[in-house]
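Take a walk through this protein with the model open beside you.

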Amino acid sequence: MRASIYFLNFSSTPAVIPRDMINIPTKKPLAYATRDEVEVQLDLFEGSLPRDLHGYIFFNSPCGTVNSGGLPYAEKLPNGSPNPEYGSSIFNGDAMLHRFDLNHPGAVAYKTRMLRPPCWYADEATKMGNGEYPHQMAFKMIGIGRTSFKFGARNQLNTAINPIKFNGDTSVRMSANFDMGRPWEIDTETMELKTVIGTTREWVGEIPAIANYPFPMYQSTAHPCFDPETKEFFTVCFTRTFENMVFYRKFSKRMLTHHDEIEAKLHSHVSSLHAAAVSTRTLHKDHSTEINDFYKNIDKHLDHDESLVAQTRKPFQVIFEKIMEFIFRLMDMFLRMKNRIYLLRWDGTSVHRWTVLDDATGKPIAINQCMHQNNISRDYLVLSDSAFKFSAELMMSNPFPHNKDLEEKMRDLTAITQEPFTPVYILKRANLDLKKKNIRAKKVLINLETVHFSMDYENPNHTITIHTAHNAASCAAEWIRSYDKLATDQTGAKPNTIGLMTCGEMDIGRIGKFVIDAETAKILESPKIYSTGKEGQNGNLGAHTWAIALHTYRDIISATETVDKIRHIYWQSYGTDPRYLTNFIKGLYTDYENRIIPVDEMVEMNKRWLPYCLSRQNTEKMELEDHYIFDKNENLRSMQFIPRAESTLGLDPQMDGYIFCTMIVGPPDMESDAYSREIWFFDAADLKAGPVCKMSHPDMNYAFTIHSAWIDECVSQNTGYKVDVREDLQYLINKMRGKNKKFFTEFMSKHVYPHFN
């Protein structure tokens with residue numbers, strides 16, 4: 001791996017660089033990222049860098065796998081055979097942590113480091129072409145996750161980061177978080193991993209009955225929450241039955257239109273599917289007979305049951321569902337899978353765990369989708385069943401690289417929509433008794449889907465206020481496949497968009513505010529707003545909420561400050577883009593029940609190609625008071641509020657700062673796949689004025705940045721909490737028997753443990 005090292009020389013005053021000597025941003029493909037670790041000084045190529053910047057900004061971003069060398073994933077391997085990673089979601093990759101140092105007048109220092117937990121070294125040792133271990137052991141793309149039938153699941157740590165500061169800490173610390181893994185603490189100065197948070201004894205894996213994986217899948221949250229006042233860090237882990245994971249919703253009605261094709265394809269491939277299942281299963285050998293008989297029965301049904309051919313299509317759907325349900329019920333029985341939510345509290349010294357029960361029934365809670373976002377107020381915790389689906393079709397990245405037709409039909413067969421609502425669970429913090437194992441939660445149903453939300457810290461008269469982003473009929477869990485067709489012109493997917501999130505929304509996004517009585521679990525107020533942009537003046541596009549997405553505000557996540565009442569929120573809206581609205585997404589969300597914009601009009605709006613919007617919302621008035629409309633193909637990826645070093649007299653502190661944006665900027669005519677990576681700064685009190693400056697560097701590379709954080713200092717410090725990697729993993733390995741125990745002990749001692757001594 002190449003590492004570019006630059007010696008940075010900061011002066012007390014900004015240098016004046018002649019225009020012809022400025023590095024104009026290098027053009028690279030839209031979905032491009034490298035795995036090179038760099039340390040450079042950004043070039044200013046437009047505007048003036050504010051002199052009252054300070055602190056550090058961190059962004060997290062995926063950067064491909066150990067096999068890929070970066071992004072995008074190549075279609076072919078060097079030997080010319082199909083690449084099984086081609087067409088995978090770009091979110092499925094290792095974490096590249098980006099840091100921007102704003103403490104040098106007139107300059108911004110940029111540094112990246114890859115985050116390498118123990119499973120990274122196992123992935124590296126078993127990757128394609130290693131020659132030392134059978135290829136069956138290697139980690140492979142399974143939809144939005146990466147797993148190995150020998151080792152378990154990768155913890156890619158590529159999604160979000162959280163500042164933390166416990167009593168006794170001299171400086172702010174930070175965690176890196178992933179929806180399918182335990183969080184890790186990062187050294188903010190070196191940007192290296194320090195320790196996992198919580199041991200394997202304290203977390204509950206997705207398959208608790210099996211101890212044959214040194215890296216169990218821990219379903220968690222990308223957004224744990226830290227309380228700067230009580231110095232508590234809260235996260236979750238949860239488990240689901242296979243039946244719940246795949247069958248919380250029935251298969252899409254769209255499968256009926258492919259009945260004959262699906263039947264023929266399943267018939268021709270059932271024997272290979274059976275062989276793969278038998279060769280790769282992790283069930284106990286005593287169950288071999290049941291598994292073999294079961295797959296033979298499927299083959300018999302497809303081959304001889306005349307009802308599949310002669311009767312109407314509806315019975316075919318029912319039969320298929322029954323067969324699949326039985327498979328997963330059988331797996332749940334063998335693996336002893338259960339639906340559970342566990343709340344984990346870390347105080348910097350130890351971790352305590354509670355099982356969360358439904359207050360109305362006293363029974364464990366089943367999560368249908370995921371728990372991407374959770375949040376906190378002074379007296380309450382709010383956990384959510386986020387609108388980011390985890391279902392059967394998402395487990396298939398590139399299952400049949402030699403047969404795209406079959407792959408497409410299998411996705412159509414198993415596809416479901418995300419839920420058009422969001423269950424949230426309210427826990428009273430006063431009830432968190434360290435002597436008890438359970439905690440009860442009251443359920444509230446938000447009547448629109450949401451992935452991200454924020455909360456006022458203060459909850460007067462036990463009322464909590466939740467500020468919500470509603471990604472209405474916009475499925476962030478889906479990505480563009482090589483066989484997709486665009487709904488706007490029926491052409492094939494653009495090669496440079498394959499693997500990107502399908503933000504081709506099928507209705508307009510909304511911004512909401514829910515005021516809830518936390519004791520009665522009743523919604524008291526629930527205003528929502530949306531804007532098409534038609535409200536703009538002089539024929540110009542106004543502020544809009546097309547594909548509402550990320551948001552930021554002052555101290556959105558902070559280790560030292562609470563936000564008692566959120567008055568101003570800065571929103572990102574994707575606009576509409578014909579490259580991302582596929583026939584698959586259009587068909588999946590045609591029957592969306594919360595629809596505002598008719599389907600035909602949605603297709604037309606995507607043809608119009610409405611650009612990104614950065615807007616500021618006044619939460620009291622529920623209005624978008626300020627905004628900036630980007631030009632065509634200026635792609636806003638992530639944003640972060642930076643407070644000014646010195647406060648501005650008379651200005652609301654929640655507007656007193658800058659909005660820092662990562663950008664991917666391409667040609668307006670879309671003719672070439674040539675995009676630059678740029679950093680734009682906006683005055684938070686005057687978005688409409690446009691960016692105050694733009695910066696870039698040829699070695700700044702990212703395909704898609706995600707969540708971010710701002711902190712005022714980066715200092716390495718010794719803390720008392722550290723989980724020993726060898727002891728932690730050997731706890732699971734020592735529970736194994738025979739060859740597995742010997743193999744994993746030797747493997748870890750050779751490839752993993754030496755990196756964590």
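How many of the seven residues of strand 18 (residues 340-346) are buried? Six are, and the strand is mostly covered. Keep in mind that this is a predicted model.

Begin with the partners of strand 18. On one hand there is strand 17 (residues 232-239), joined to strand 18 by seven bridges. The two run antiparallel. To find the pairing on screen, look for Thr 235, whose bridge partner in strand 18 is Leu 344. Strand 18 also pairs with strand 19 (residues 351-358), again in the antiparallel sense, over five bridges. Here Trp 346 has Val 351 of strand 19 as its bridge partner. Strands 18 and 19 form a hairpin with four residues between them. In that hairpin, Gly 348 takes a positive phi near 90 degrees. Strands of a sheet pair through backbone hydrogen bonds, either parallel or antiparallel.

Inside the order, strand 34 and strand 35 (residues 676-683) run antiparallel and are joined by eight bridges. Ile 659 stands opposite Phe 682 of strand 35.

The loop between strand 33 (634-643) and strand 34 (657-665) holds Asp 656. Is Asp 656 buried or exposed? Asp 656 counts as buried because its relative accessibility is 2%, and the cut-off for buried is under 20%. Beyond its neighbours within four places in sequence, Asp 656 is in contact with several residues, among them Arg 554, Phe 641, Arg 644, Glu 646 and Leu 651.

Ser 386 sits in the loop between strand 21 (380-384) and helix 7 (404-414). Its relative accessible area is 0%, so Ser 386 is buried. The side chain of Ser 386 makes a polar contact of 2.9 Å with that of Ser 384. Not counting residues up to four places away in sequence, Ser 386 touches residues including Cys 370, His 372, Thr 450 and Val 451.

Next, the interior. In soluble globular proteins, nonpolar side chains tend to be buried together. The largest nonpolar core of this model has 59 residues. Phe 58, Phe 151 and Phe 747 have the most contacts inside it. Helix 1 (residues 118-125) gives the most to this core, with five residues. Zoom in on Phe 58. Leaving aside its neighbours within four places in sequence, Phe 58 is in contact with residues including Leu 97, Ile 161, Met 174, Met 191, Ile 711 and Cys 714. A second, separate core has 57 residues, including Leu 53, Ile 664, Trp 680 and Phe 681.

Finish with confidence. The mean pLDDT of the protein chain is 86, and 82% of its residues reach 70 or more. Two stretches need care. Over residues 252-263 the pLDDT stays under 50, and the model has 34 contacts for them beyond four places in sequence. Residues 301-313 also have pLDDT below 50, with 20 contacts in the model beyond near neighbours in sequence. Where pLDDT is low, the predicted coordinates should not be read in detail.

Notes:
Residues are numbered from 1 along each chain as its sequence is written. This is a predicted model: local features need pLDDT of at least 70, side-chain atom pairs count only at pLDDT 80 or more; totals for chains, interfaces and linings use all residues. Side-chain values use heavy atoms; hydrogens and water are left out. Buried means under 20% relative accessible area, exposed over 50%, partly exposed in between (1.4 Å probe, protein chains only). Two strands pair if DSSP finds at least two bridges between them. Contact means heavy atoms within 4.5 Å. A polar contact is a pair of N or O atoms within 3.5 Å; within protein, one must be able to donate a hydrogen and the other to accept it, and residues adjacent in sequence count only if both atoms are side-chain atoms. A nonpolar core is a set of buried Ala, Val, Leu, Ile, Met, Phe, Trp, Tyr and Cys residues joined through side-chain atoms within 4.5 Å. pLDDT is the predictor's confidence in each residue, from 0 to 100.
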